[in-house]
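This report describes selected local features of the structure shown below.

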Amino acid sequence: MSGSAHRFGPRGLRRGAALTLVFGCALATAAATGSLPQDPDPGPGPQTRAVSSTLAPVDREEIEGAAAEAEADGKSVKDAAEEVVSRSGDRWGAVYDQREYEEFEQALDGTYTGVGLSARRTAHGDVTVSRVQPGGPADRAGIRAGDLLRTLDGRAIGKRPVAEVVASLRGDGTGAAEGSRVELGLVRDGRSWTETLERARLTTEAVTVRRLGDEPASAVLIKVAAFTKGAGADVRAAVRDAPDGAGILLDLRANSGGLVAEAVVAASAFLDGGLVATYDVRGEEQALYADPGGDTDRPVVVLVDGGTMSAAELLTGALQDRGRAVTVGSPTFGKGSVQMPSKLPGGSVAELTVGHYRTPGGRNVDGRGITPDLVVRERAQQRAETVLSGLGGGS
């Protein structure tokens with residue numbers, strides 16, 4: 001197992017081990033970092049291949065052996081490694097070439113290559129722009145939230161998975177990089193047009209904070225788009241800076257995960273130490289603990305949906321099981337597997353599933369998700385604000 005920039009050191013974790021709870025495939029890196037999050041359909045999510053959560057993990061020696069043999073024969077190391085992962089049925093296993101893995105790690109740093117828009121699939125099956133990043137290529141071209149995305153590089157989007165649309169916007173698998181172009185076909189108020197955008201290196205704003213009213217003790221909304229580096233500290237600072245008596249609405253909708261260490265730091269904002277989660281790595285159980293000194297008094301409501309995944313589910317489960325927050329929204333995605341990187345010959349990296357995590361109450365999230373205390377599928381934020389007000393957290 002190789003070292004990695006995204007290290008953390010909870011009790012019991014071997015020094016130098018790197019663990020990420022991420023949306024584990026190269027095509028979905030953008031979704032995991034907020035460049036194009038989707039509001040998923042109520043179904044099982046973008047992965048079509050269902051596998052058991054008790055599936056034996058990929059044998060690391062087998063994949064490393066296949067990669068070494070391919071390199072010796074002058075063949076593609078990545079292709080050989082991907083074949084082993086595919087045979088294993090590891091739903092979240094992924095293989096990156098050197099360039100893709102660099103992009104992957106940059107995404108975890110909060111940067112990505114793209115056009116600066118977020119999108120979701122509507123109840124009618126259309127893909128619509130839900131947010132435009134200020135100053136990005138889409139913003140400069142005049143694209144606005146609510147515009148329909150009809151085509152991408154001349155190809156109809158139709159029922160294509162949103163993860164595939166993400167990949168095309170980023171240029172994954174084509175070698176497209178910063179400065180390359182992508183053509184979008186859009187519709188607004190019945191008018192159709194095309195825009196050619198130039199991909200750029202953009203920085204995501206993982207955590208945004210705003211007040212939900214004008215009163216001194218109005219509730220504070222903390223929206224976490226992804227658990228990239230520094231996101232946990234931003235959450236902790238937002239809680240610390242909230243006015244006395246103000247409740248917290250923690251919005252984790254469409255948060256596809258990121259660095260579990262950041263989720264643990266975020267949990268520490270609301271807990272005075274104690275267990276956040278347990279997980280197993282090749283059968284060896286480990287534990288994650290919050291730091292002491294968090295704010296345990298102010299009311300907290302966590303808002304989730306079917307796009308709440310991975311590290312975001314870890315945080316949700318911890319606050320729910322510890323009785324620290326009321327959860328509102330729709331059931332979460334159910335991605336509770338643990339990936340660790342293995343470096344392969346030629347610079348490629350395999351992210352392989354090595355185990356699964358459980359909430360403080362012992363629940364296995366993988367394939368099951370988390371059911372909110374209050375299940376709401378429409379006007380979820382309004383309902384969440386009402387619950388928070390009822391808890392004495394302001395309005």
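## Thr353 and its polar partners

The side chains of Thr353 and Asp90 are joined by a polar contact of 2.6 Å, the term denoting a pair of N or O atoms within 3.5 Å, where within protein one must be able to donate a hydrogen and the other to accept it, and residues adjacent in sequence count only if both atoms are side-chain atoms. The side chains of Thr353 and Gln339 form a polar contact of 2.9 Å. Thr353 belongs to strand 18 (residues 349-358); strands (E, at least two residues) and helices (H or I, at least four) are DSSP runs numbered from the N terminus. Thr353 is buried, at a relative accessible area of 9%, where buried means under 20%, exposed over 50% and partly exposed in between (1.4 Å probe, protein chains only).

## Basis of the model

The model is predicted: local features need pLDDT of at least 70 and side-chain atom pairs count only at pLDDT 80 or more, while totals for chains, interfaces and linings use all residues. Residues are numbered from 1 along each chain as its sequence is written, and side-chain values use heavy atoms, with hydrogens and water left out.

## Packing of helices 2 and 3

The axes of helix 2 (residues 60-72) and helix 3 (residues 77-88) come within 8 Å and cross at roughly 150°; axes are lines fitted to C-alpha atoms over the stretch in contact, with angles from 0 to 180 degrees between N-to-C directions. Helix 2 is therefore roughly antiparallel to helix 3, a label for angles over 145 degrees.

Contact means heavy atoms within 4.5 Å. On the helix 2 side the contact includes Glu62, Ile63 and Ala66, and on the helix 3 side it includes Val77, Ala80 and Arg87. The residues of this contact comprise nine nonpolar, no polar and three charged; Ala, Val, Leu, Ile, Met, Phe, Trp, Tyr, Cys and Pro count as nonpolar, Asp, Glu, Lys and Arg as charged, and the others, Gly among them, as polar.

## Gln133 in its loop

Gln133 lies in the loop between strand 4 (127-132) and helix 5 (137-140) and is buried, with a relative accessible area of 13%. A polar atom of the Gln133 side chain is 2.8 Å from the backbone oxygen of Thr203.

## Positive phi values

Ala254 has a positive phi, near 60°, and is buried at 11% relative accessible area. Ser310 also has phi near 60°; its relative accessible area is 0%.

Terms used. Parallel < 35°, antiparallel > 145°, perpendicular 65-115°, else oblique.
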